[in-house]
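This report describes one protein model for a reader who has not seen it before. Please keep the sequence and the 3D view open while reading.

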Amino acid sequence: MSRFTSICLGFILMMVSCDERDSNPTFSHDIAKIIYHNCSPCHRPNQIGHFNLLTYTDVKTNANKILYTVKNRLMPPWPADPHYTSFVGEKVLTEKEVGLIETWVKQSCPVGDSSQIPALPTFPIGSMLGTPDLHIPVKPIRLQGNYTDRFLVIKVPFEVPRDSFVSMVEFVPGNTKVVHHVNGDLVRFEFDKKKDVYDGSLVDNLVWDSTIRLVYKKIGLLHDDGSYPTLARSVVNYLPGVIAQKYPEGIGGWKVNRKSAFVLADIHYGPTVDDVWDSSYINIFYAKSIPKRPLQEFQLGTLGVSSIVPPLIIAPDKISTYHSSCTITNDISILTINPHMHLLGKSFWAYALTPEHDTIRLIKIPHWDFNWQNFYTFKKMLKIPAGSTIYIEGVFDNTRDNPYNPNNPPKEVHDNNGSMRTTDEMFQFIITYLPYEEGDENISLE
Ligand code: HEC
């Protein structure tokens, strides 16, 4: 037998044995690693998944539910269409993984050689990123067990010895069963203009018609003379299962002043049947050097640089489509994008068209899910050339068929000038970018 034939034969034998394995998957050989990697980070004690997926018994007991959710792409939660664009930290099972789970469940969940079940990964506690330089507690919040969602604004004031730069800010939820998501800005006070960073109330409820300006006044986020401090937006973000973004050294980061505050605007607490406490905190990591390329941000749609066409007045009992677009004048490199809508959102689509009419795909979310609003970071910086137009399209479902519709019967809904109520709507696309530099498209963000 020639060397070539024996290589081919070896290859064919390998394929056969792989196939055999695929048709007889076991927990120890195939399923455990899929579950540990994709499910256990949320489905374990003190995390948001409400049951554990850690042991063979856990997985076997829930096998039918697991199969249903993975086949219908409900779990792991990742609303962006992975065939359109892919992002850092993408949580999507491959067709092959779904197939393995399906076969395994149909064959009554064989454990295989139980001595070969891989060890559970060690899940980080306290920080997903390392040892922080500063650990800032958020005011502990007591949540009544009345089974309602709560949207709060919480001020988290702090002082540092001198003006500094931070490279990463990490929100660590205290009670992962109730902390749903967090979106927070950084407020920088001018030293002489703010006597006490801790003055004013620390918490405000978002049930009333609040605009961010009114909230600022109420929770003491203005300077003593009534002027506005500078603000860096979206500095601290949390969504279950999402790890704070770490960009390459020298890129990104924020300046913090001696007197500063985070303002969690908002923090969403999910419903609970028992009274519970949440004691979350924020970790800060100082930058090694002054960031060479601080991040910039702009947004389309609500409160953004481009208007919504037609204006976002969403008629009841209808499914309506809205657009917004803006043309950029310089080359930019996009790092992260964040599509945002509220409860009536049905789908979201964003792309850019270059002056040469090439399409640059940004994101497609076929089934909008209010509960899973990711910040999506591209695997490599994405260059958008000057003269390109960025288009966004949002579809809103204001009918009774939308199970999240806050109004029954449906009624007209607006974006109310950036009101922060969830029952008002928003149509927004936030882009985090840098002015383009030669070679950016080769810089990995993973
Ligand atoms: C980012 C966190 C996260 C990850 C990762 C995740 N889950 Fe979940 N899972 C949840 C949460 C939260 C719920 C309950 C709320 C919901 O359904 O959205 C849930 C609910 C479920 C349910 C229950 C549905 C029901 O009706 O009772 C199943 C089954 C499930 N997950 C399986 C999985 C499997 C299998 C994986 C991995 C392939 C996975 N989950 C990954 C957070 C997660």
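The sections below go from the basis of the model to its domains, cores, strands and aromatic rings.

## Basis of the model

This is a predicted model, in which local features need pLDDT of at least 70 and side-chain atom pairs count only at pLDDT 80 or more, while totals for chains, interfaces and linings use all residues. Residues are numbered from 1 along each chain as its sequence is written, and side-chain values use heavy atoms, with hydrogens and water left out.

## Domains

The protein is divided into domain 1 (12-116), domain 2 (134-286) and domain 3 (296-442); these bounds come from an automatic or database domain assignment. Between the C-alpha centres of domain 1 and domain 2 there are 36 Å. Seven residues of domain 1 are in contact with six residues of domain 2, where contact means heavy atoms within 4.5 Å.

## Nonpolar cores

A nonpolar core is a set of buried Ala, Val, Leu, Ile, Met, Phe, Trp, Tyr and Cys residues joined through side-chain atoms within 4.5 Å. Buried means under 20% relative accessible area, exposed over 50%, and partly exposed in between (1.4 Å probe, protein chains only). The largest nonpolar core has 39 residues, of which Ile337, Phe348, Leu362, Ile363 and Phe429 touch the most other members. Among the elements that give two or more residues to this core are strand E12 (296-301), strand E14 (319-327), E15 and strand E21 (427-435). Helices (H or I, at least four residues) and strands (E, at least two) are DSSP runs, numbered from the N terminus.

Domain 1 (12-116) and domain 3 (296-442) each supply at least three residues to this core. A second, separate core has 29 residues, including Ile141, Val236, Tyr238 and Ile282.

## Ile332 in strand E15

Ile332 belongs to strand E15 (residues 332-341). This residue is buried, with a relative accessible area of 6%. Gln296 is 36 residues away from Ile332 along the chain, and their C-alpha atoms are separated by 10 Å.

## Strand E4 and its partners

In strand E4 (residues 164-172), seven of the nine residues are buried. E4 runs antiparallel to strand E8 (residues 254-256), with three bridges between them, and Phe165 stands opposite Lys255 in E8. E4 is also joined by six bridges to strand E11 (residues 281-286), again antiparallel; here Val166 stands opposite Tyr286. Two strands pair if DSSP finds at least two bridges between them.

## Aromatic rings

The whole structure holds 17 aromatic pairs. Rings of Phe, Tyr and Trp (its six-membered ring) pair if their centres lie within 6.5 Å; planes under 30 degrees apart count as stacked, over 60 as edge-to-face and the rest as tilted. Phe27 and Trp104 form a tilted pair, 6.1 Å centre to centre with 35 degrees between the planes. Phe27 lies in helix H2 (residues 27-38) and Trp104 in helix H5 (residues 95-106), so the pair links parts of the chain 77 residues apart. Phe27 is buried at 1% relative accessibility, and Trp104 is buried at 1% as well.

One aromatic cluster is formed by Tyr322, Phe348, Trp368, Phe396, Phe427 and Phe429. Two lysines sit over rings: Lys65 over the face of Phe51, at 4.6 Å from the ring centre, and Lys259 over the ring of Phe191, 4.3 Å from its centre. A charge sits over a ring if NZ of Lys or CZ of Arg is within 6 Å of the ring centre and within 35 degrees of the ring normal.
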